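Here is a short briefing on one protein model.

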Amino acid sequence: MEVKARAPGKIILAGEHAVVHGSTAVAAAIDLYTYVTLRLPLQSAAENNDRLTLQLKDLPWSFPGPLKEVIPFDSNTSTPASCSGDTLKSIAVLVEEQNIPEEKIWLSSGISTFLWLYTSIRGFNPATVIITTELPYGSGLGSSAAFCVALTSALIASSISDKTHREGWCSLDETNLELLNKWAFEGEKIIHGKPSGIDNTVSAYGNMIKFCSGEITRLQSNMPLRMLITNTKVGRNTKALVSGVSERTVRHPYAMKSVFNAVDSISKELAAIIQSKDEVSVTEKEESIKELMEINQGLLQSMGVSHSSIDTVIRTTLKHKLTSKLTGAGGGGCVLTLLPTGTVVDKAVEELESYGFQCFTASIGGNGAEICF
């Protein structure tokens with residue numbers, strides 16, 4: 001039996017950093033995906049094969065069974081719980097035995113997450129799992145959450161009894177979406193320690209969300225929105241950037257409070273525009289979003305989280321009469337450029353790529369996790 005699943009990446013449209021200080025943030029799914037193919041052997045073949053194989057980033061890893069002798073817990077798909085320290089240590093031993101090349105050592109947390117999610121949901125059954133992605137790793141586009149969501153979707157879907165009536169990509173029902181989102185969040189904890197839950201929620205449900213003080217509200221977009229996403233390929237230390245904003249807030253509490261309040265207003269106004277069903281033209285809405293992005297970027301610069309590479313993208317796109325802002329932690333990473341209806345970006349992309357940047361064109365606010373049998 002074969003099950004396929006895909007889950008989208010995400011962008012932060014507004015509210016980066018300020019959300020840590022109580023402001024509202026708006027995040028959205030993008031049509032760049034991580035794909036998972038789960039192949040389960042027939043019962044007769046499974047009896048002679050107890051091996052779990054993972055194909056990730058063009059590198060094969062094989063985990064010989066029985067895994068239940070190494071990973072000390074039983075599967076329980078209905079009640080997601082955090083991975084214990086003892087279990088994580090046992091999994092780490094398995095991962096170390098894979099002799100991951102030094103230049104790909106960052107994959108180790110992903111492999112650990114895979115082993116934990118797989119054995120928690122599917123038990124210790126043999127399978128082959130193939131994972132591919134359109135998302136650059138570590139660029140702020142939610143690649144790890146998309147990985148967790150897509151994997152969990154495939155694992156949960158494999159236990160659905162009625163697969164005959166489904167054709168093409170389709171969503172899971174609301175109950176299973178809620179379940180997979182909880183599992184994916186636990187997987188994110190293994191990779192990131194203390195994730196906010198934004199990335200996995202956007203990837204699971206799609207469209208857009210509003211996030212404030214730990215509360216996530218799903219939004220329904222009522223307008224088409226396209227962005228050019230430029231990956232500067234500049235690595236950044238998210239923890240250091242977040243700490244830097246906090247330190248600046250301690251030094252200038254009243255000024256920074258005004259900054260955060262302004263960002264909160266931007267996020268709320270942006271959410272209102274995107275959800276609006278009134279007769280205001282798309283062009284007028286795009287012009288309002290453009291202005292909000294400009295203001296938000298200025299506020300992010302005042303927080304000290306921009307970077308020369310981000311400034312280069314902003315200057316370059318401005319030459320082509322386009323508006324840009326950083327997305328995520330800043331300090332490098334990715335930059336969003338609004339593409340109003342009918343915009344041709346070939347020349348802008350050519351110029352950006354001449355700097356060594358990587359460009360994607362993406363639709364914003366699309367579907368979340370989907371499965372295919």
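**The largest pocket**

The lining of the largest pocket is made up of 13 nonpolar, 18 polar and seven charged residues. Here Ala, Val, Leu, Ile, Met, Phe, Trp, Tyr, Cys and Pro count as nonpolar, Asp, Glu, Lys and Arg as charged, and the others, Gly among them, as polar. The model is predicted: local features need pLDDT of at least 70 and side-chain atom pairs pLDDT 80 or more, while totals for chains, interfaces and linings use all residues. Residues are numbered from 1 along each chain as its sequence is written, and side-chain values use heavy atoms, without hydrogens and water.

- Domain 1 (2-218 + 366-372) and domain 2 (221-361) both contribute lining residues, so the largest pocket lies between them; the domain bounds come from an automatic or database assignment.

**Nonpolar core**

- The largest nonpolar core has 105 residues, and Ile11, Leu13 and Met303 have the most contacts inside it.
- Such a core is a set of buried Ala, Val, Leu, Ile, Met, Phe, Trp, Tyr and Cys residues joined through side-chain atoms within 4.5 Å; buried means under 20% relative accessible area, with a 1.4 Å probe and protein chains only.
- At least three residues of this core come from each of domain 1 and domain 2.

**Cysteines**

- Zero disulfides are found in the whole structure, a disulfide being a pair of cysteine sulfur atoms within 2.5 Å.
- For Cys372, the nearest cysteine sulfur is that of Cys170, 7.2 Å away.
- Cys372 counts as buried because its relative accessibility is 18%.
- Cys83 is also buried, at 17% relative accessibility.

Notes
Buried < 20%, exposed > 50% of the residue type's maximum accessible area, 1.4 Å probe, protein only.
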